Structure formats: structure tokens, C-alpha cells
Amino acid sequence: MFVLIPLFPLLGAAVNGLIGIRGFSRRAVGATAVGAAGMSFAAAVAAFVGLLRSAEPAIVKTLFTWLPPSLVRTASGSLASLRVDLSFHYDSLAAVMTLVVTGVGLLIHIYSLGYMAHDKSYARYFSYLNLFTFAMLILVLGANLGVMFIGWEGVGLCSYLLIGFWFRKDSASNAGKKAFITNRVGDFGFLLGTGLLVYALGTIDIAGIAAAVEGGALAKGTATAAALLLFLGATGKSAQIPLYTWLPDAMEGPTPVSALIHAATMVTAGVYMVARLHVLFSFSGTALTVVALTGAITAVYAATMAFVQTDIKRVLAYSTISQIGFMFIGLGVGAYAAGIFHLMTHAFFKSLLFLAAGSVIHALSGEQDMRRMGGLRARIPRTYRVFLIGALAISGFPGLSGFFSKDEILASAFASGQYLVWALGLAGAAMTAFYMFRLIFMTFFGEERFTEKAGEPVHESPPVMLVPLQVLAVLAVIGGYIGLPRLLGGRAWFTRFLERTTGAHEAGLAPGTEALLMAASVAAALGAIYAAYVIYVKKRGEPARRFAERCRALYQTVLRKYYVDEFYGKVFVGGVFAAGRIADWIDRRVIDGLVDGTAGVARRVSRLAILFDERAVDGAVNGVGKAHLAASSVLRRLQTGHIYNYALAVMLGVALVITIAVAVF
């Protein structure tokens with residue numbers, strides 16, 4: 001069944017893209033797209049049930065040989081047979097990812113029926129959405145780095161198409177290009193890492209890499225280099241330092257696209273890749289430390305920028321960057337199951353938050369600035385309730401899904417002895433609670449600051465949009481209980497299920513220590529929520545305004561995203577343009593100069609050759625001809641044809657001979 005999971009979205013994309021875009025009604029287009037997503041989800045559920053019943057921990061299905069076996073010389077000097085099959089691999093990790101991608105993706109498809117109902121490019125949108133799902137599923141199911149890279153590039157292409165969906169807007173087309181180009185930088189690292197593994201081991205099969213590492217066939221330095229290069233690719237796809245700048249601009253796409261990219265598909269690709277290659281990263285050790293520190297720093301760094309954003313979707317965008325950082329913290333401390341657990345719960349509450357933000361924007365006829373909202377909880381109460389659930393879940397409120405997954409990551413970081421990572425993670429958790437409830441209070445509380453457009457009063461979203469929100473809200477509440485820790489009476493089923501693939505990882509904390517850490521994270525979250533309430537409800541944002549005025553330089557620095565975009569623009573983009581100008585100068589002045597100079601010399605030489613040809617060669621030839629003509633003209637006078645002339649000549653000759661003879665003798 002798992003081989004069918006990516007097939008249905010591909011068929012949906014093909015049907016809508018080739019036929020539906022011209023010949024289908026909107027209802028037929030929507031039914032095709034949602035039906036394809038629904039069948040893919042059904043296949044994922046069936047495959048998951050089959051895996052639970054199977055005695056085998058993993059299943060591999062080879063469709064055909066992509067690249068036939070060829071001999072390659074490895075770093076050790078030995079010959080290896082490199083063969084690349086188009087094959088799929090299904091285990092507990094792939095099962096979780098396929099359920100998340102297809103399940104959340106299905107809800108986003110349904111939501112899109114209402115959100116995109118009046119868009120002119122309805123069929124094109126759903127074709128892209130199905131294609132995006134297909135590419136992510138190929139990435140998840142790929143049994144080797146070659147197949148994984150097909151999906152890896154596929155989600156990059158689809159992100160470009162969907163972020164720039166409204167391509168007639170310059171901001172949207174520029175955002176699509178920025179996402180595409182930034183990801184190419186990371187993808188270059190992915191390719192280099194893959195090439196290094198081929199050079200070192202002669203294989204890109206994931207199971208083969210794991211077996212080689214466990215068998216001692218890979219040097220630790222080479223493993224570290226390959227893992228860090230692959231992680232560079234992960235920072236691009238998952239928007240971590242230094243390749244995170246594309247993701248906030250990705251808000252130019254339709255809101256359901258933001259939910260799909262930020263919750264269930266593209267940004268989780270890097271997290272999945274590190275978890276899938278956990279044997280390589282664990283063997284390196286150094287690479288894992290880099291992963292943990294990158295995630296911790298990104299979690300705090302992105303949270304600071306969410307503090308000052310006024311666009312409701314951009315707050316959630318920086319929140320995504322921060323939450324992906326938490327996932328990398330879990331992976332970096334060796335708690336792979338905890339990182340994937342947070343990936344799953346994040347898919348629930350973050351897609352809920354984005355889609356709820358879309359409901360707010362829909363209610364306000366396109367308004368996204370929180371400064372022009374306020375008081376909406378009375379106007380759109382259903383959206384408010386699901387938004388509040390999502391905000392509580394991401395803040396780590398006790399009993400909701402985010403509480404369990406985030407707490408497991410922080411506990412694992414503390415148990416691993418990486419106290420700096422734990423402290424940064426705890427700070428990031430508190431900051432998350434603060435900026436999320438800043439969003440809640442600015443949007444739904446206080447006086448109404450919006451202006452109702454004529455004929456478009458503030459209105460609740462239709463059921464086709466609200467029902468997916470309610471389903472996601474339920475998942476955001478109960479989704480964490482499948483990983484309920486033993487401290488709270490659970491059996492950590494999710495962790496044990498994932499550890500069939502990722503290996504066991506025990507936090508090793510005493511129950512008392514674990515309880516204290518849990519209490520600290522809860523206190524941090526509740527304290528931050530209360531601080532946001534005091535500042536934005538009781539004091540109506542006055543402390544925040546005073547801080548912005550007193551610390552204008554700091555505020556502007558954070559508001560301008562630490563000027564990283566400007567720095568990248570001047571150093572990298574400007575550097576590319578400068579290099580282009582230098583290359584143009586070299587081309588015009590040096591290369592063209594050499595070519596033109598050579599041509600000038602050739603012209604001068606050719607003139608000399610022409611002169612020599614005309615004056616010397618032709619002169620000699622013509623001179624011979626003229627001499628011949630002159631001689632012939634003289635001789636012609638002697639050949640008159642008259643006998644008396646010839647007789648006279650004979651007589652003169654005879655006389656001349658006699659004269660000479662007399663003179664001589």
C-alpha cells in the first residue's frame with residue numbers, strides 16, 4: 001500500500017494540470033484534488049496498519065533500476081559497484097511522516113476549497129498543491145539519497161510555484177525567486193555531501209550507508225564532513241541559520257500554502273533527513289553538536305524577530321523558524337524520536353494557526369496588519385476559539401500537544417549535559433508564549449481598530465474552512481497523548497514506536513529532576529502569557545510603545561531583522577552583481593580586446609598580403625605578359641607574309657654575314 005501513497009497526488013496534479021485547467025468546472029477540480037489527497041491519506045493509514053501487524057520493522061520496494069551498476073573507485077582505493085534503484089523504504093519514521101503529510105495536507109486541501117473559491121487560477125492552484133504533496137512523499141519514502149533528492153528538489157520547485165502563485169505581484173514573484181535561489185545554496189551542500197559518501201563508501205543507499213558506518217568502513221572525519229554538508233541542505237529547506245531568510249517572505253503565497261509549507265511539508269524536510277541519517281550523524285558526534293547549537297540559537301533568534309512583527313502571518317513565519325529550531329535541538333541531543341514527536345504536534349497546531357490566520361484575513365477582506373484588528377473575538381468567535389487552542393498548544397500549555405513534545409526535547413537536552421542548549425530552549429519556549437499571546441491580544445482583544453469595507457462586513461468563515469480548523473484544534477489538544485511520558489502515567493508509545501527505526505534513547509533523568517524541569521517550562525510559559533496580558537490588555541500596549549521609543553536603535557534593528565537581508569544583499573547578491581560586472585569588463589576589454597586586436601592585426605597583415613599580391617605577384621605575372629606582348633609585337637612586324645620582305649631580309653642577312661666574314665678573315 002505504501003507505494004500507492006505518492007501515486008494519487010501525482011495523478012491529481014496531472015489531471016488538473018493537463019485537463020482540469022481547461023475542461024473542468026470548479027467543483028470537478030476541487031473534487032479531483034481533494035479526492036487525490038484523501039486516497040493518499042487512506043493509503044497511508046492502510047500502510048500504517050499493515051506495518052503495525054508486520055513482524056518486519058521495515059519494508060523496501062524497488063520499482064526499477066534507475067542507474068545500472070557501475071564501478072567507482074572509493075577513497076580507500078578499492079572498487080565498488082554503485083547502483084541506484086528507484087526504490088521506496090517504509091518503516092516507523094516513514095509511517096509517521098506520510099500520515100502527517102497526507103493527513104494535514106488533506107485538511108489544507110479541503111480548507112482551500114473555500115479560501116481559493118474566487119481565484120481565477122483555481123485549477124492551477126490545486127495542481128500545484130497536489131504536486132507539492134507528491135514531491136514531499138517521494139522525499140519521505142526514498143530509500144536512497146538519489147530518490148530523496150528528487151523529492152528534495154521537487155518541494156523546492158513547488159514552493160517556488162506556490163509562493164509566487166500570484167506572480168503578477170512583484171513581491172510574490174520576488175519571494176518565489178528568493179525561496180528558490182536560497183534553497184539552491186543548501187541543495188549544493190546536499191549534493192556535495194552525497195558525492196562525498198559516494199567517494200568514501202561507493203553507495204548512496206541509506207541502509208548501505210548505515211551498515212557501512214556501523215561496520216567501521218567510514219572515517220569519523222569523513223562522516224563529519226558529509227554530515228555537515230548534508231546539514232547545510234537541511235538549513236536551507238528547514239529555514240535555519242544562515243539560510244532562513246526566504247521563509248518570512250514566503251507569506252506572499254496564499255495562506256493555505258503557508259500552512260502546507262510551514263507545517264507538514266517543506267520546512268520539515270531537513271528535520272526528516274537528519275533523522276533518517278541518524279546513524280551517520282550519531283557516529284560523527286561533532287555534527288550532532290552543530291545541529292543542536294544551530295537549532296537552539298535559531299529558536300531564540302527567530303523568536304526575537306516575532307516580538308516586533310505586525311503582520312499576523314509573519315509572526316507565524318518567525319514562529320515556524322523558531323519551532324523547527326526546537327526539532328533540531330531534539331535531533332542534536334540524540335533524542336530523534338522527541339524531535340519527530342515535536343514535528344508531528346507542530347504540524348497540528350501550526351497548520352491550525354496559519355489556517356485560523358487565514359480565517360481572520362478572510363473575515364477582514366484581506367487585512368493582515370494586527371494594528372488594524374482588535375476586538376475580533378466577538379465578531380468571529382469560532383475562529384477565535386480554535387486560534388486560542390493553537391496558541392496555547394504552541395506555548396506549551398499543560399495538557400495540550402505542544403506541552404508534551406517540547407518538554408521531552410528540553411528534558412533530553414538537559415539529560416545530555418548540554419545545559420546551554422537547554423537554557424536557550426527554555427528561553428525560546430517562554431518567548432514563544434509571549435509573542436503568540438501578543439498576537440492573540442492584539443487581534444482578538446481590546447477596541448476594534450479595523451474599518452469595515454462597504455458591502456463586506458466582518459464575517460465568520462464558511463463551514464468548508466471552519467471544519468478543518470476544528471479537526472486540527474482537536475488534534476492540537478489530544479495529539480500529544482500518544483507520547484505521554486511515564487512521569488505522567490503514560491507509556492511513551494510514540495517514542496517506543498519511533499525507536500524501532502531511530503534506536504533507543506533514554507533521557508536518564510530522575511523523576512524528581514524531570515518534574516522540576518517540567519515545572520520550570522510550565523512556569524516560563526505561564527509567566528510569559530501573563531506578561532503579554534499585562535502589556536497588551538491591561539496596559540493596552542503602552543509599555544511596548546515606550547520601550548520602542550526609548551530603545552529605538554535596538555527596536556529598529558530587530559524590526560529590520562538584524563539587517564541580515566541587507567547584508568546578504570550587499571555581500572552575496574551585490575557580490576554576484578559585482579562579479580558579473582567584472583566578468584563583463586574582462587569580456588569586453590580583455591577577451592574582446594584580444595579578439596578585436598587579433599582581428600586588427602589580421603586585417604593589417606591581409607592588407608600587406610593584398611599589396612604584395614597586387615604589386616609583386618600580380619606585377620611579376622603581368623610583367624611577363626607585357627614583356628611577351630612587347631616581344632611578340634616586335635616579332636609580329638617581321639612576320640608580314642610578303643615574299644619581297646622575306647627576300648630583302650635574306651639579302652640583308654647574307655650581306656651581314658659576308659661583311660662579318662671579310663672583317664674577321
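This is a predicted model: local features need pLDDT of at least 70, side-chain atom pairs count only at pLDDT 80 or more; totals for chains, interfaces and linings use all residues.
## Nonpolar cores

Let's start inside. The largest nonpolar core has 186 residues, and the members that touch the most others are Tyr90, Trp246, Phe281 and Phe387. Helix 15, spanning residues 336–363, supplies the largest share of this core, with 18 residues. There's also a second, separate core of 16 residues, with Ile409, Leu410, Trp422 and Leu426 among them.

Phe281 is worth a look for its partners. Setting aside neighbours within four places in sequence, Phe281 is in contact with Ala227, Phe231, Val274, Ala287, Leu288, Val291 and Tyr336.

## A buried threonine

Now for Thr320, which sits in helix 14 (residues 312–332). Is this threonine buried or exposed? Thr320 counts as buried because its relative accessibility is 0%, and the cut-off for buried is under 20%.

What does Thr320 touch, once neighbours within four places in sequence are left out? Its contacts are Leu247, His262, Val267, His346, Lys350 and Phe354.

Ile582, Trp585, Ile586, Val590, Ile591, Leu594 and Val595 make up a nonpolar surface patch of about 640 Å². In soluble globular proteins, nonpolar side chains tend to be buried together.

One member of the patch, Ile582, is found in helix 24, which covers residues 564–638. With a relative accessibility of 51%, Ile582 counts as exposed, since the cut-off for that label is over 50%.

Note on methods
Residues are numbered from 1 along each chain as its sequence is written. Side-chain values use heavy atoms; hydrogens and water are left out. Helices (H or I, at least four residues) and strands (E, at least two) are DSSP runs, numbered from the N terminus. Buried means under 20% relative accessible area, exposed over 50%, partly exposed in between (1.4 Å probe, protein chains only). Contact means heavy atoms within 4.5 Å. A nonpolar core is a set of buried Ala, Val, Leu, Ile, Met, Phe, Trp, Tyr and Cys residues joined through side-chain atoms within 4.5 Å. Patches are made of residues with over 30% relative accessible area and no salt bridge: like charges are joined within 9 Å, nonpolar side chains (Val, Leu, Ile, Met, Phe, Trp, Tyr) within 5 Å. Accessible areas come from the Shrake-Rupley method with a 1.4 Å probe; for residues, only the protein chains shown count as cover. A salt bridge is a side-chain nitrogen of Lys or Arg within 4 Å of a carboxyl oxygen of Asp or Glu.
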